[in-house]
Amino acid sequence: MNFATRSRSELLQAVVLLGAVLAAPLLLPREAGAQKVKPVPFDQERYDKAARKNPDVVMIGNSMLNTRLDKRLLDDMSEPNSIAYVAEGGTRSLVWYLKLKNFAAPLNPPPKVVFIFYRDFDFTAPWLNLEGERLQTARTFMKPEDEELLEFAKRQGGIAPRSPLDFYLPEQLTLKLRGKISDAALDIGGVGRGRSGDTELQEQLNALFDFQNLRADVFDAGAVANDILPTDFKLFTIDPAKNFLEKFNHLAKEKGMRLIFYRVKRRPNEKNVVLQDKELVEYTSDFRTWAESQGHLLIDETEDPRLTLSMYHDGDHLGKHAMAEYTHIFFERVKHCLPVPPRPAPAAAPTPSP
């Protein structure tokens with residue numbers, strides 16, 4: 001029997017795939033449900049930092065904000081408006097509401113405008129990213145009375161209070177698997193080469209695990225769970241028994257804050273187009289109609305041709321090289337929403353004649 005010669009890269013990929021199958025059962029916690037939830041204090045330092053800015057505008061979100069906006073540049077362009085950023089990677093709609101409730105609303109005075117960066121169906125699935133380290137992060141935005149909100153969010157996804165899923169869901173498993181499989185592949189691939197080959201091997205592994213080299217629909221900056229929601233969760237609703245949207249609305253009106261629901265452009269295809277199914281188009285339209293009826297706004301950058309595939313790094317994240325360009329585009333799109341008209345940009349100095 002003749003065997004085809006395989007490259008070193010193909011060997012590493014085979015190790016990765018085999019390792020994923022063999023290692024998964026070994027990595028699952030045996031007594032996850034028996035672990036105790038450690039108290040996590042409210043992040044008073046973060047609140048104080050926002051309060052010191054006395055912001056006219058607060059921007060809430062996750063990495064969809066952090067990997068897009070050059071904050072110093074936006075601050076400069078937005079003057080005399082003051083902006084506070086309350087963004088934490090991986091957070092979803094429950095934490096965004098906690099940020100509004102515990103970080104924006106208590107400010108004196110409250111901000112006039114609050115931006116909330118989101119993707120597609122984020123608001124219909126309040127249980128997303130409430131496990132393991134993500135749960136610990138969520139608690140840093142919580143006050144004692146917010147435990148009820150947390151339990152509500154979990155129930156929407158069928159997650160029992162303090163269940164094993166609090167500690168271990170696929171995202172956490174994926175992080176451990178990638179680390180352990182990478183180590184195993186390094187050991188196996190280095191057999192017979194000695195220590196001198198470790199650096200080269202590690203570089204190949206880093207490239208293999210880089211999100212840019214994986215299918216965009218597999219590891220999509222945390223968006224996969226959003227994309228595979230059941231049909232029932234793709235219908236727009238403000239039913240307080242299903243999500244937090246009416247709570248956002250009620251609190252904003254009570255404090256005189258205008259909400260800007262800002263839908264970011266997902267990673268486009270090679271033609272710089274984001275394909276949207278009928279459900280998503282209808283959901284976004286209904287969301288916009290409701291938001292405007294309440295005096296808020298929904299801004300959608302999805303069809304902006306200026307946001308091209310070359311600006312993206314991994315999944316829906318933009319690369320650092322694109323942040324300044326994106327920030328200029330963003331500012332032009334939203335400057336009419338700012339409470340105070342921004343100062344005109346200084347005129348460019350005339351080019352001296354030869």
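**View 1. An open sheet of five strands has the order β2-β1-β3-β4-β5, with parallel pairing.** Two strands are said to pair if DSSP finds at least two bridges between them, and the edge strands here are β2 and β5 (297–300), each of which pairs on one side only. Neighbouring strands of this sheet are turned by 20 degrees against each other on average, direction ignored. The structure is a predicted model, in which local features need pLDDT of at least 70 and side-chain atom pairs count only at pLDDT 80 or more, while totals for chains, interfaces and linings use all residues. Residues are numbered from 1 along each chain as its sequence is written, and side-chain values use heavy atoms, with hydrogens and water left out. In the protein chain there are 13 helices and five strands; helices (H or I, at least four residues) and strands (E, at least two) are DSSP runs, numbered from the N terminus.

**View 2. Strand β1 is covered on both of its faces.** Five of the five residues of β1 are buried, where buried means under 20% relative accessible area, exposed means over 50%, and partly exposed lies in between (1.4 Å probe, protein chains only). In a regular strand the side chains alternate between the two faces of the sheet. In β1, V57, M59 and G61 are on one side, and V58 and I60 are on the other. The strand pairs in the parallel sense with β2 over five bridges, and V58 stands opposite A84 in β2. With β3, β1 pairs in the parallel sense over four bridges, and here V57 stands opposite V113.

**View 3. Strands β4 and β5 run parallel and are joined by four bridges.** Strand β4 covers residues 258–263, and the bridge partner of Y262 in β5 is I299. Helix α13 lies across β1, β3 (113–118), β4 and β5, and runs at about 135 degrees to β4. For such angles, axes are lines fitted to C-alpha atoms, for helices over the stretch in contact, and the angles run from 0 to 180 degrees between N-to-C directions.

**View 4. Helix α4 has buried residues on one side and exposed residues on the other.** In α4 (residues 71–78), the buried residues are L74, M77 and S78. They lie on the same side of α4 because they cover an arc of only 95 degrees around the axis, the arc being that of the directions from the helix axis to the C-beta atoms. An α-helix has 3.6 residues a turn, so residues three or four places apart point the same way. R72 and D76, on the other side of α4, are exposed. The buried residues of α4 pack against β1 (57–61), β2 (83–87) and α13 (323–334), and contact means heavy atoms within 4.5 Å.

**View 5. Helices α4 and α13 pack at an angle of about 35 degrees, with their axes 9 Å apart.** From α4, L73, L74, M77 and S78 meet A324, T327, H328, F330 and F331 in α13. The residues of this contact divide into six nonpolar, three polar and no charged; Ala, Val, Leu, Ile, Met, Phe, Trp, Tyr, Cys and Pro count as nonpolar, Asp, Glu, Lys and Arg as charged, and the others, Gly among them, as polar.

**View 6. Several loops contain backbone features that deserve a careful look.** Most residues other than glycine have a negative phi, and most peptide bonds are trans. The peptide bond from E79 to P80 is cis, with omega near 10 degrees, and P80 is placed in the loop between α4 and β2. The bond from N108 to P109 is also cis, with omega near 0 degrees, and P109 belongs to the loop between α5 (93–104) and β3. N54, in the loop between α2 (44–52) and β1, has a positive phi of about 45 degrees although it is not a glycine, and N54 is partly exposed, with a relative accessible area of 45%. D120, in the loop between β3 and α6 (132–139), likewise has a positive phi of about 45 degrees without being a glycine, but D120 counts as buried at 6% relative accessibility.
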